[in-house]
Amino acid sequence: AIEQVAKSKSDSKMQPVSCNITAAVVHRSTEGAASTLEAGAEGASNSMETTITYTNGDTYTGHVDNDGQRDRKGILRKANGDVYDGQFKGGMFHGEGKYSWANGSKYSGKWLADMAHGKGKMKDKDGTVYDGQWKNNLMHGKGKMKLKDGTVYDGEFSNNKK
């Protein structure tokens, strides 16, 4: 059940069906004067906000970099009902973010290259809660797990094992 984090990876190779710019880019010169650039105009930075619909039915709303990859803050809504709301880098989950599965499970915490990595909390659909360190999508390091029957384990985890 907790191993579900491994199945949450975003697919950065999905092809967009449509891409609509929903906000202009504000460019500030060194003098502090602001000017608005049309999306895609020369000088536009990686601060464009857009909505992308992928061929598999997923949609992304948020910032993209100059290569069109998901970047900085955004929301990825998967066709299966899963939702990721958080930071991206190079099209992947990276930084702080929350992933909610359609079945009710939730993970909130640090991500690195599409994997739970660092401090995070997982609430599984069956009531199990793990709050602690993650490494490469696995519970790894100091953590606390509380099972739905009230049993608590507080200690070290290694590759998803107590």
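The model is predicted. The chain has 13 strands and zero helices. Its 162 residues include 35% that are buried.

**Overall make-up**

- Read from the N terminus, the elements run β-β-β-β-β-β-β-β-β-β-β-β-β.
- The chain exposes about 9000 Å². Carbon and sulfur atoms supply 50% of that area.
- Take the contacts in the chain with a separation of 6 or more: residues 24 or more positions apart account for 22% of them.

**The largest nonpolar core**

- This core has 20 residues. Those with the most contacts inside it are Tyr60, Leu76, Tyr84, Phe93, Tyr107 and Trp134.
- Several strands give two or more residues to the core: S4 (48-54), S5 (59-64), S7 (83-89), S8 (92-100), S9 (106-112), S10 (115-123), S11 (129-135) and S12 (138-146).
- Strand S4 gives the most, with three residues.

**Strands S5 and S6**

- S5 and S6 run antiparallel, and five bridges join them. Strand S6 covers residues 70-77.
- Gly62 has its bridge partner in S6, and that partner is Gly74.

**Strands S6 and S7**

- S6 also pairs with S7: six bridges join these strands, which run antiparallel.
- Leu76 stands opposite Tyr84, which lies in S7. Both residues are also listed among those with the most contacts inside the largest nonpolar core.
- S6 and S7 form a hairpin too, with five residues between the strands. Gly81 sits in the turn and has a positive phi of about 100°.

**Asn160**

- Where does Asn160 lie? Asn160 is in the segment after strand S13, which spans residues 152-157.
- Asn160 has a relative accessibility of 16%. Buried means under 20%, so Asn160 counts as buried.
- Its side chain has a polar atom 2.7 Å from the backbone nitrogen of Met139. Strand S12 covers residues 138-146.

**To take away**

- The chain is built with 13 strands and zero helices.
- Strand S6 is joined to S5 by five bridges and to S7 by six.

Definitions and conventions. Residues numbered from 1 in each chain as written. Predicted model: local features only at pLDDT ≥ 70, side-chain atom pairs only at ≥ 80, totals over all residues. Heavy atoms only, no water. Helix = DSSP H or I, 4+ residues; strand = E, 2+ residues; numbered from the N terminus. Buried < 20%, exposed > 50% of the residue type's maximum accessible area, 1.4 Å probe, protein only. Polar contact = N/O pair within 3.5 Å; in protein donor to acceptor, adjacent residues only side chain to side chain. Core = buried A, V, L, I, M, F, W, Y, C linked by side-chain atoms within 4.5 Å. Contact = heavy atoms within 4.5 Å. Areas by Shrake-Rupley, 256 points an atom, 1.4 Å probe, with all protein chains shown as cover. Pairing = 2+ DSSP bridges.
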